[in-house]
Amino acid sequence: MAIKVFGSFISTATMRVLLCLDEKGLAYEFVPVNLAASDHKGEPFLSLNPFGQVPAFEDGDLMLFESRAINQYIAHTHADKGTPLIYEDPKKMALVSVWAEVEAQRYDPPAAKLTWELGIKPVIEMAADDAIVQEQGDQLAKVLDVYEARLAQSKYLGGDSFSLADLHHLPTLNYLMGTGARAVFDSRPHVSAWCADILTRPAWQKVLAMITNHYRSVSYSKLCYV
Ligand SMILES: N[C@@H](CCC(=O)N[C@@H](CS)C(=O)NCC(=O)O)C(=O)O
């Protein structure tokens with residue numbers, strides 16, 4: 001039975017899951033959820049995610065939500081396919097888990113707020129809040145100081161090879177690279193090299209191409225939501 005992802009192409013959490021599936025070379029069906037019409041706030045979507053947020057995920061009789069948990073499931077279930085995103089060795093895997101937590105708990109809060117202010121608001125013709133941009137930019141800079149030290153010692157956050165810990169950053173990272181927040185990454189040499197490396201991964205380029213093709217086929221008013 002086909003894997004299904006219910007989500008939106010503008011959603012970083014949706015992109016995170018699509019990227020994981022592409023790294024694994026898995027086929028899936030994408031089911032668009034119209035956020036502009038608030039389809040995620042009513043049935044049948046609430047049966048998939050009672051918190052009313054995208055993405056939701058279906059694999060046979062298994063239904064999941066929370067992008068990072070979905071990716072853990074994909075990485076474990078298809079450990080032998082495509083890019084290995086986890087380690088069997090418990091010590092190596094523990095480090096991947098540490099940095100996956102760092103992404104979720106430390107990096108994502110400021111990165112997601114900056115993505116909204118600088119990456120998404122301009123597209124929907126809303127003005128960015130300068131105070132939030134300043135505050136979250138400062139917060140992100142402190143987190144990236146820790147990344148700079150880690151990446152000076154380790155090619156990837158979780159270890160010697162690309163893993164879920166790196167993968168989870170890509171959607172917000174990609175948005176931020178097209179904004180003024182890019183400077184906070186570029187000014188840290190090891191962070192900057194890591195960004196250049198992971199942003200050019202073929203699986204991420206494939207996700208971006210799919211999103212770009214999709215937006216070519218929808219009207220501007222729906223750009224952000226379909
Ligand atoms: N922690 C959740 C976050 C999901 C999330 O924030 N989804 C956003 C899009 S990226 C959403 O559905 N926003 C619409 C809303 O909250 O109403 C995950 O990683 O799946």
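These legends accompany several close-up views of one predicted model.

Local features here need pLDDT of at least 70, side-chain atom pairs count only at pLDDT 80 or more, and totals for chains, interfaces and linings use all residues. Residues are numbered from 1 along each chain as its sequence is written.

**View 1. The four-stranded sheet.** Welcome to an open sheet with mixed pairing and the strand order β2-β1-β3-β4. Strands (E, at least two residues) and helices (H or I, at least four) are DSSP runs, numbered from the N terminus, and two strands pair if DSSP finds at least two bridges between them. At the edges sit β2 (28–32) and β4 (62–65), each pairing on one side only.

**View 2. Strands β1 and β2 side by side.** Strand β1 (residues 3–7) runs parallel to β2, joined to it by five bridges. Look for Gly7, which stands opposite Pro32 in β2.

**View 3. Helix α1 across the sheet.** Here α1 lies across β1, β2 and β3 (56–59), where contact means C-beta atoms, placed from the backbone, within 7 Å. Its direction is at about 160 degrees to β1, with axes fitted to C-alpha atoms (for helices over the stretch in contact) and angles from 0 to 180 degrees between N-to-C directions.

**View 4. The shell around the ligand.** Among the residues around the ligand are Ser11, Thr12, His40, Glu66 and Arg68; a residue counts if its C-beta atom, placed from the backbone, lies within 6 Å. Two elements give two or more residues to this shell: α1 (12–23) and α3 (67–77).

Methods. Contact = placed C-beta atoms within 7 Å.
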